[in-house]
Amino acid sequence: MPTEKTSEDSAGILLVDDMEENLTALEAVLRSLNEPLVRARSGEEAMKALLERRFAVVLLDIRMPGMDGFETAAHIKRLDRTKDVPIVFLTGSDAEAGYAFRGYATGAADYLTKPFDPWVLRAKVTVFLDLYRKSRRLERLQEGLAGLVERLSGLEDRLSADDLPDLARLRCQVRELQQLAAEGQAS
């Protein structure tokens, strides 16, 4: 069942590759997902982008001049803000045999060789987008639950106070809290 997308659920997909034709190919494959596609031509650009906004997934080329994909991934996983962003490594089919192992050891969630199957790439990215949306929804539900607990605590304080509370107002507040709880269960 598809998850309904809200503007808060919109997640960028970070495309990191030093080759223009590879970025263009990734955009062509992923454009139909209707999520922002953000380009970075180096590990340094990728880190700047990750510090500016949230991403559901990073598609990261391994072989790049300067900071390569492994170094970039290590930096991503080191920062609290970005450590949970899934990374899919992309590399040429002539890559060294140990690249996959090294990629997973660096914290990659997946590994694909170029040329990649567009359907497989789109399917994998769709899974990460769905996980991102569900994670954001869970965060919002947790925030709502924390607010509900705080309001219930306030009601309890008023009920245990020495002076007689306004029962009509308390009933109204209880109904509001019940409605909030029901809305949280429904979503």
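This is a predicted model: local features need pLDDT of at least 70, side-chain atom pairs count only at pLDDT 80 or more; totals for chains, interfaces and linings use all residues.
**Helices H2 and H3**

The axes of helix H2 (residues 43–52) and helix H3 (residues 69–78) come within 9 Å and cross at roughly 20°. Axes here are lines fitted to C-alpha atoms, for helices over the stretch in contact, and angles run from 0 to 180 degrees between N-to-C directions. Helices (H or I, at least four residues) and strands (E, at least two) are DSSP runs, numbered from the N terminus.

I then listed the contact (heavy atoms within 4.5 Å). From H2, Gly-43, Ala-46, Met-47 and Leu-50 meet Thr-72, His-75 and Ile-76 of H3. These contact residues divide into four nonpolar, three polar and no charged. Ala, Val, Leu, Ile, Met, Phe, Trp, Tyr, Cys and Pro count as nonpolar, Asp, Glu, Lys and Arg as charged, and the others, Gly among them, as polar.

**Helices H3 and H4**

I checked H3 against helix H4 (residues 99–106): they pack at an angle of about 15°, with their axes 9 Å apart. H3 and H4 are therefore roughly parallel to each other. Phe-70, Ala-73, Ala-74 and Lys-77 of H3 make the contact with Tyr-99, Arg-102, Gly-103 and Thr-106 of H4. By class I note four nonpolar, two polar and two charged residues in the contact of H3 with H4.

**The sheet**

I traced an open sheet of five strands in the order E2-E1-E3-E4-E5, with parallel pairing (two strands pair if DSSP finds at least two bridges between them). Strand E2 (37–40) and strand E5 (110–114) are the edge strands, each pairing on one side only. Neighbouring strands are turned by 20° against each other on average, direction ignored. Helix H1 (residues 20–30) packs on the sheet and touches strand E1 (12–16), E2, E3, E4 and E5. The direction of H1 makes about 170° with that of E2.

**Salt bridges**

I searched the whole structure and found 11 salt bridges (a side-chain nitrogen of Lys or Arg within 4 Å of a carboxyl oxygen of Asp or Glu). One of them joins Asp-17 and Lys-114, with the closest N and O atoms 2.9 Å apart. Asp-17 lies in the loop between E1 and H1 and Lys-114 in strand E5, so the pair ties together parts that are 97 residues apart in sequence.

**Basis**

Residues are numbered from 1 along each chain as its sequence is written, and side-chain values use heavy atoms, with hydrogens and water left out. Local features need pLDDT of at least 70 and side-chain atom pairs count only at pLDDT 80 or more, while totals for chains, interfaces and linings use all residues.

Note on methods. Angles under 35 degrees count as roughly parallel, over 145 as roughly antiparallel, 65 to 115 as roughly perpendicular and the rest as oblique.
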